[in-house]
Amino acid sequence: MEPGAATPFGFRQPSKLRMRGAASDMADPTQLFDDTSAHAGSPAVGYRGQETPGMGFQAQALLTEPMSNFAVAYGSSLASQGKEMVDKNLDRFIPISKLKYYFAVDTVYVGKKLGLLVFPYMHQNWAVRYQQDTPVAPRFDINAPDLYIPAMAFITYILVAGLALGTQNRFSPEILGIQASSALVWLIIEVLVTLLSLYLVTVNTDLTTIDLIAFSGYKYVGMIVGVVSGLLFGRTGYYLVLLWCCIAIVVFMIRSLRLKILSEAAAQGVLVRGAKNQLRTYLTMAIAAAQPVFMYWLTYHLVR
């Protein structure tokens, strides 16, 4: 039918009617639909769920950023509450605040205290200094008990014991473990017996369990010196040096504990009278005399 001719129903076919993509139809007669992807200038029709990636990322960022900030703040609050709860419950069993006092030392204090443990004979003032009813930190007072030297001395004693056993071809992890556990058990027994003795004698003193652990741990310094002397100079050097260290620790313990165990009697002005004060004096001497026994018991088998 020619363009412009009338149809059987009385309509005329437009003369200029042209199907979109006629050129492509001529090129590919089998193509049924038009390819509109090549028309860059035509606006793209968007459907729901077919937004551009940039718009989706911005929307997601706007939603997730407040949630992430809220999660971080909530996690921080939970962590702080958990830390407070742990500190509160832990302080019931382990006085962390008190332990900080016993480790408040410096290099000068450690050097002077080690010298005092080995040469206590010339020291005159053994009283612990106080500031507003609170004892000053150990780094400010050489007479204050600490836990740094006993802890380091205990570890060093185990290492020296391992060295001594190694030079005698007797070293093994099991023997070293037995050595460490036995030393720790004897220390615990010593502290418990001392606490029981103070309770039976009914002594009101400012000595705490940590103080007793500190004073009982000072003997490891003399034990280390004795074992090292035995490794260098044989059993003769071991006995001579250990004897010196035993006498030194006895003098140190008597002069240190005398002011604490007899503090109540000294405050009442009856330091030298009464049977109860004699019991306190005997208890002080017994605690001091027990130190050489432990020193020899824990070191004699390390030197041959």
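## Helix H4 and its cover

The cover over the buried residues of helix H4 includes helix H5 (148–167) and helix H8, where contact means heavy atoms within 4.5 Å. The structure is a predicted model, in which local features need pLDDT of at least 70 and side-chain atom pairs count only at pLDDT 80 or more, while totals for chains, interfaces and linings use all residues. Residues are numbered from 1 along each chain as its sequence is written, and side-chain values use heavy atoms, with hydrogens and water left out.

The buried residues of H4 are Tyr109, Val110, Lys113, Leu116, Leu117 and Val118; buried means under 20% relative accessible area, exposed over 50%, and partly exposed in between (1.4 Å probe, protein chains only). At 1.5 Å a residue, the 12 residues of H4 should span 16 Å, and the end C-alpha atoms of H4 lie 17 Å apart, which agrees. The expected span of a helix is 1.5 Å times one less than its number of residues.

## Overall fold

The chain holds 10 helices and zero strands. Helices (H or I, at least four residues) and strands (E, at least two) are DSSP runs, numbered from the N terminus. Of the 304 residues in the chain, 31% are buried. Among contacts between residues at least 6 apart in sequence, 73% join residues at least 24 apart.

## Enclosed cavities

Three cavities of 30 Å³ or more are found in a search of the whole structure. On a 1 Å grid over the protein atoms alone, a cavity is a set of points where a 1.4 Å probe fits but cannot get out, and a pocket is an open set with protein on both sides within 12 Å along at least five of seven lines; lining residues have an atom within 4 Å of a point. Grid points are joined across faces, edges and corners, and a volume is the space filled by probe spheres set on the points.

The largest cavity holds about 60 Å³ of space. Its lining consists of Leu117, Val118, Tyr218, Lys219, Val221, Gly222, Cys245, Ala248, Ile249 and Met295. Helix H8 (219–261) and helix H4 (107–118) each supply at least two residues of this lining, and H8 gives the most, with six. The second largest cavity holds about 40 Å³ and is lined by Lys113, Trp126, Asn143, Phe215, Phe252 and Ser256.

## Gln291 in helix H10

Gln291 is located in helix H10 (residues 275–297) and is buried, with a relative accessible area of 0%. The side chain of Gln291 reaches the backbone oxygen of Ile287 at 3.0 Å. Not counting residues up to four places away in sequence, Gln291 touches Glu190, Ser216, Lys219, Ile249 and Met253.

## Open pockets

The volume of the largest pocket is about 260 Å³. Residues lining the largest pocket include Lys98, Tyr101, Tyr102, Asp206, Asp211 and Lys260. Helix H3 (residues 96–102) contributes the largest share of this lining, three residues.

The second largest pocket contains about 220 Å³ of space. Among its 13 lining residues, Leu147, Pro150, Ala151, Leu187 and Ile213 lie nearest its centre. H5 provides the largest share of this lining, four residues. By class, the lining of the second largest pocket has 12 nonpolar, one polar and no charged residues, whereas that of the largest pocket has six nonpolar, one polar and five charged. Ala, Val, Leu, Ile, Met, Phe, Trp, Tyr, Cys and Pro count as nonpolar, Asp, Glu, Lys and Arg as charged, and the others, Gly among them, as polar.

Key
A polar contact is a pair of N or O atoms within 3.5 Å; within protein, one must be able to donate a hydrogen and the other to accept it, and residues adjacent in sequence count only if both atoms are side-chain atoms.
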